[in-house]
Amino acid sequence: MKNYVSMFVMIIVGFILQTTLFRHLRIAGVSPNILVILTAIAGTMYGQYCGLFTGVISGLFVDMMFSSIIGVNIFIYAVIGFIIGMTNKMYIEDDLIFPTMTIAIGDIIYGVLFYVLKFLLRGRLRLTDYLINTIIPELIYTIILGVIVFKFAHWMDRKLNPPEPVHLGVETKPDDEQ
């Protein structure tokens, strides 16, 4: 339950940052997709259901604020969270490469699904332009910021869920049994 609450708080903070600060910090005409980062992190660290939860809530925020159709972004983010959540068993704590790859995969899934649902179905067939001008620059920016956000999420996870102490096979009896 703590994971869901912490992800919900991070979604709110991430959404605010994505829609305010990072709109002004565009590079090559794009800003990073913080909600994809959070959705990928939730799936990677906590599994399919937390990834799905994070994706649905993230997509809902985006749809409510910026879309005339509720559901498109919910679907995209939910797919990302669920698919990346399937990789949870491969996640190793303190590994930075695997979470970075899942963030990259999440952003690629987002870019492709967004293109298909928003442009291709309307007959706009310029995938190459969209790939070069939007998907790739956003992917690079999202990966760079994703490493920082992942390190923060990993630190926060350790604070909320500290590792249990390891006992070296020495059993101690309570004082009244000795």
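Guide: A helix here is a DSSP run of H or I with at least four residues, numbered from the N terminus. The model is predicted. The largest share of the nonpolar patch, 4 residues, comes from helix α1, residues 2–19.

Visitor: What makes the nonpolar patch a patch, and which residues form it?

Guide: Nonpolar side chains such as Val, Leu and Met are joined within 5 Å, provided each residue has over 30% relative accessible area and no salt bridge. Met1, Val5, Val9, Val13, Leu17, Leu21 and Leu25 form this one on the surface.

Visitor: Why is Leu17 called partly exposed?

Guide: Buried means under 20%, and exposed means over 50%. Leu17 has 32% relative accessibility, so it falls in between and counts as partly exposed. The residue lies in helix α1.

Visitor: What makes the contact of Glu93 and Arg158 a salt bridge?

Guide: The cut-off is 4 Å between a side-chain nitrogen of Lys or Arg and a carboxyl oxygen of Asp or Glu. For Glu93 and Arg158, the closest N and O atoms are 2.7 Å apart. That value is within 4 Å, so the pair qualifies as a salt bridge. The pair links distant parts of the chain, 65 residues apart. Glu93 sits in the loop between α5 (72–85) and α6 (97–118), and Arg158 in helix α7 (residues 127–160). In general, side chains of opposite charge can pair when their charged atoms come close.

Visitor: How many salt bridges does a search of the whole structure find?

Guide: The search finds 1.

Visitor: How do you know how α5 runs relative to α6?

Guide: Their axes come within 10 Å and cross at roughly 150 degrees. Angles over 145 count as roughly antiparallel, so α5 is roughly antiparallel to α6. The crossing of the two helices α5 and α6 is right-handed.

Visitor: What about α6 and α7?

Guide: The axes of α6 and α7 come within 9 Å and cross at roughly 150 degrees. That is over 145, so α6 is roughly antiparallel to α7. The handedness of the crossing of α6 and α7 is right-handed.

Visitor: Why is Ala28 given its accessibility label?

Guide: Its relative accessible area is 62%, over the 50% limit, so Ala28 is exposed.

Visitor: What is the overall picture of the chain, in helices and strands?

Guide: The chain has 7 helices and 0 strands. Along the sequence the pattern reads α-α-α-α-α-α-α. The C-alpha atoms fill a box of roughly 80 × 30 × 30 Å along the principal axes. Of the 178 residues, 45% count as buried.

How values were computed
Residues numbered from 1 in each chain as written. Predicted model: local features only at pLDDT ≥ 70, side-chain atom pairs only at ≥ 80, totals over all residues. Heavy atoms only, no water. Patch = residues over 30% accessible without salt bridge, like charges linked within 9 Å, V, L, I, M, F, W, Y side chains within 5 Å. Areas by Shrake-Rupley, 256 points an atom, 1.4 Å probe, with all protein chains shown as cover. Buried < 20%, exposed > 50% of the residue type's maximum accessible area, 1.4 Å probe, protein only. Axes fitted to C-alpha atoms, helices over the stretch in contact; angles between N-to-C directions. Parallel < 35°, antiparallel > 145°, perpendicular 65-115°, else oblique. Left-handed = near helix turned anticlockwise from the far one by under 90°.
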